[in-house]
Amino acid sequence: MTEHDGALLEVRDLAVVFDGFRAIDGIDFTVQHGELRFLIGPNGAGKTTLIDVITGLTKPAAGSVRFEGIDLVGRKEHEIVRMGVGRTFQTSVVFEKLTVVENLDLAASFRRPLWSLARRRRGVSDAVAAAMEITGLDALAGRPAGVLSHGQRQWLEIGMLIAQRPRLLLLDEPVAGMSADERSRTGLLLTEIAKDHTVIVIEHDMEFLRRYASVVTVLHEGKVLTEGSVDEVRADPHVQEVYLGRAREEAGAGDHDARGTAAVGTSAGEVK
Ligand SMILES: Nc1ncnc2c1ncn2[C@@H]1O[C@H](COP(=O)(O)OP(=O)(O)OP(=O)(O)O)[C@@H](O)[C@H]1O
Ligand SMILES: [Mg+2]
């Protein structure tokens, strides 16, 4: 499967329709082996839906999603995970009563019988050990996931993903709700992970992108608005317009998105 020498992921002419509404309306999206790609766009742009299609959660009305040359459309979620595609969700999915290491082990052992979870710490597999090391969760291995801080929990989810040894990781807003310090640590973690994985990250925060992104794809109303470096994307008048309109609406409503969308368009109506 790894013999395919084209792009790792090739999405072509993708369309997703919910009750007549085109949430994805003709997307072409290509990610090369080893990329750390950022996906941005205003609320409702279709970012999560795109990931839902890639991972088999949502069926497209049209188009193809080729992973190492093989079409994923029509395959079951667990089959896609086994092929090497892993994702996190916008909401947390860790098991609170299980410890950090048990959560990682569960993620790593999704093909093994449940009794193997009873293994002792020193029996931890290479995949779990690697996931703990890269996320820095070693010190918290024996703590129940329920007591972790928000940031630590996100790192655990990323660790659970890595423990599954995916070749492509899809992360949906991993720094949402994090403190500045946690954001920096997550940025470094993503950079580290991207050394031997291909990673697609959905993120709204322009400051975060400025520090850690190279190539950014901007979605808007189910289409690719533009793609390029952070500077190119920020300078694009269409991108400014999309976020400007949003900033105006928010200024009018006196309401700001807790997940940081407003950080892209400032209240002064400027893409920073
Ligand atoms: N299961 C569904 N049924 C109906 N409409 C849906 C469904 N899932 C998503 N949508 C709609 O599709 C559009 C794209 O949603 P999506 O969640 O992909 O946006 P997003 O870019 O991830 O936005 P956000 O930044 O808010 O997470 C939105 O208008 C949303 O309301
Ligand atoms: Mg989303």
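User: What makes strand S4 (residues 62–67) and S5 a pair?

Analyst: Two strands pair if DSSP finds at least two bridges between them. Two bridges join S4 to S5, and these strands run antiparallel, so by that definition they pair. Phe 67 stands opposite Ile 70 in S5. Strands here are DSSP E runs of at least two residues, helices H or I runs of at least four, both numbered from the N terminus. This is a predicted model, where local features need pLDDT of at least 70 and side-chain atom pairs count only at pLDDT 80 or more, while totals for chains, interfaces and linings use all residues. Residues are numbered from 1 along each chain as its sequence is written.

User: Why do S2 (21–31) and S5 (70–71) stand at the edges?

Analyst: The open sheet has the order S2-S1-S4-S5, with antiparallel pairing. S2 and S5 each have a single partner strand, so one side of each is left without a neighbour in the sheet.

User: What makes residues of H3 and H5 meet, and which ones do?

Analyst: Contact requires C-beta atoms, placed from the backbone, within 7 Å. Val 100, Asn 103, Leu 104, Ala 107 and Ala 108 in H3 meet Leu 156, Gly 159, Met 160 and Ala 163 in H5.

Notes. Chains lettered and ligands numbered in written order. Contact = placed C-beta atoms within 7 Å.
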